[in-house]
Amino acid sequence: MKAAVIYHPGSPGELVLEERPIPTPVSGQVLVKVKAFGLNRSEIMTRKGLSPNVQFPRILGIECVGEVEVDPSGEYQKGQQVLALMGGMGRDFDGSYAKYILLPKNLLHPFQSLLPWEILGAIPEMLQTVHGSLHLALAIQKRETLLIRGATSSVGMLATQMARLAGLTVIATTRKAQKEQVLKGQGASYVLIDDGKIKEQVRALFPHGVNKVLELVGATTLQDSLGCLGFGGTCCMSGMLSETWTITDFAPMEFIPATVRLTVYDSGQISSPTEVFQDFIRSVEAGRVKLPVSRVFTLEQIVQAHQYMESNQGAGKIVVLT
């Protein structure tokens, strides 16, 4: 089978396409034929050697959609559509940048759909992060105001749509003015150009602050985002587009405004049930949600796909077909 393997941390050019034997599943594992997978910023971190405890060589990839090839237990039939994400994929064991992947059975979410693979491939991690952030961490409610920091990311764009459908007013941020109309097309009521400090812009629109913040940029803008919240507001940090993990000399009493709540959503800790994925797929099929797919590559173009992701040219999810 073809697989994109990385032997040493570094640039996109370290991803090498090679032939490898198709692995054989043992008890508790399922062999899945990968049809497509989405790219994630965390895979850039792993590729650069910034993800703790990852051993090289490694096949990256924290999510995939495909079909069951072999299930030794007989629970899944050959050809059953499944999706999988996280659980150590691409970090603790070889991930989805390959034609076949061995997966622990407990990571599989079976589904049914006639959508093309390039659309299905955009769903797993993007949906789980949006659903977990908005509903589990932020507990969004109709008529609330939601600030989405880093809104032209795939998660940010889908979160904009989902929040608007839930009846919220969405303020979206981007560093590039030319992406304003893209965000308004996703459902944003306001678009702010983000230079790292937007508190005054937000307070000019909402003097008492917003109700909720979805922070996708990360540690570099977190304190400014907290300052955009009103009394009793909540900020959920779910992304690290800035590739910054930590905050130097973190002093909670100075960093977090009084009564404001700070939480996180990590899809590696809390996953969505299978029904959430199937229900969302039906929403896409019915046209209620339009998936923000930026560009589609093939596995043979994995180096170019990583280069494109790092360039920040697109707006939305990057999908790779195998």
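Residues are numbered from 1 along each chain as its sequence is written, and side-chain values use heavy atoms, with hydrogens and water left out. Because the model is predicted, local features need pLDDT of at least 70 and side-chain atom pairs count only at pLDDT 80 or more, while totals for chains, interfaces and linings use all residues.

**Overall shape**

The chain has 10 helices and 15 strands. Helices (H or I, at least four residues) and strands (E, at least two) are DSSP runs, numbered from the N terminus. The C-alpha atoms fill a box of roughly 60 × 40 × 35 Å along the principal axes. The radius of gyration is 20 Å, which agrees with the value near 20 Å for a compact globule of 322 residues. This radius is taken over C-alpha atoms, and the globule rule is 2.2 Å times the number of residues to the power 0.38.

Of the 322 residues, 53% count as buried. Buried means under 20% relative accessible area, exposed over 50%, and partly exposed in between (1.4 Å probe, protein chains only). Among contacts with a separation of 6 or more, 70% are between residues 24 or more positions apart; a contact means heavy atoms within 4.5 Å.

**Salt bridges**

Side chains of opposite charge can pair when their charged atoms come close. A salt bridge is a side-chain nitrogen of Lys or Arg within 4 Å of a carboxyl oxygen of Asp or Glu. The structure holds 15 of these salt bridges. The table lists three of them.

| Pair | N to O distance |
|---|---|
| Lys2 and Glu19 | 3.7 Å |
| Lys317 and Glu63 | 2.9 Å |
| Asp71 and Lys105 | 3.6 Å |

Lys2 forms its salt bridge with Glu19. Lys2 lies in strand 1 (residues 2–6) and Glu19 in strand 2 (residues 15–19), so the pair ties together parts that are 17 residues apart in sequence. Lys2 is partly exposed at 36% relative accessibility, and Glu19 is exposed at 55%.

Lys317 and Glu63 are also joined by a salt bridge. Lys317 belongs to strand 15 (residues 317–321) and Glu63 to strand 4 (residues 63–70), so this pair ties together parts that are 254 residues apart in sequence. Lys317 is buried, with a relative accessible area of 2%, and Glu63 is buried too, with 0%.

The salt bridge of Asp71 and Lys105 joins two loops. Asp71 is in the loop between strand 4 and strand 5 (81–85), and Lys105 is in the loop between strand 6 (100–104) and strand 7 (109–110), so the pair ties together parts that are 34 residues apart in sequence. Both Asp71 and Lys105 are buried.

Salt bridges also link Glu18, Arg20, Arg58 and Asp94 in a network.

**The second largest pocket**

On a 1 Å grid over the protein atoms alone, a pocket is an open set of points with protein on both sides within 12 Å along at least five of seven lines, and lining residues have an atom within 4 Å of a point. The volume of the second largest pocket is about 160 Å³. Its lining residues include Arg20 and Asp94, along with Met1, Phe93 and Tyr100. The lining divides into 9 nonpolar, 1 polar and 2 charged residues.

**Single residues**

Gln161 lies in helix 4 (residues 154–165) and is buried at 10% relative accessible area. Not counting residues up to four places away in sequence, Gln161 touches Gln186, Val289, Lys290 and Pro292. Gln186 is in helix 5 (residues 180–186) and is buried at 15%.

Glu144 sits in the loop between helix 3 (124–137) and strand 8 (145–149). Glu144 counts as buried at 14% relative accessibility, and its contacts beyond four places in sequence include Ala139.

Most residues other than glycine have a negative phi, and most peptide bonds are trans. Ala139 has a positive phi of about 50° although it is not a glycine. Thr259 also has a positive phi, near 75°; Thr259 lies in the loop between helix 8 (252–255) and strand 13 (261–264). A cis peptide bond, with omega about 5°, joins Phe56 and Pro57.

Note on methods:
1 Å grid on protein atoms, 1.4 Å probe; cavity = no way out; pocket = protein on both sides within 12 Å on 5 of 7 lines; lining within 4 Å. Points joined across faces, edges and corners; volume = space filled by probe spheres on them. Nonpolar A, V, L, I, M, F, W, Y, C, P; charged D, E, K, R; others polar.
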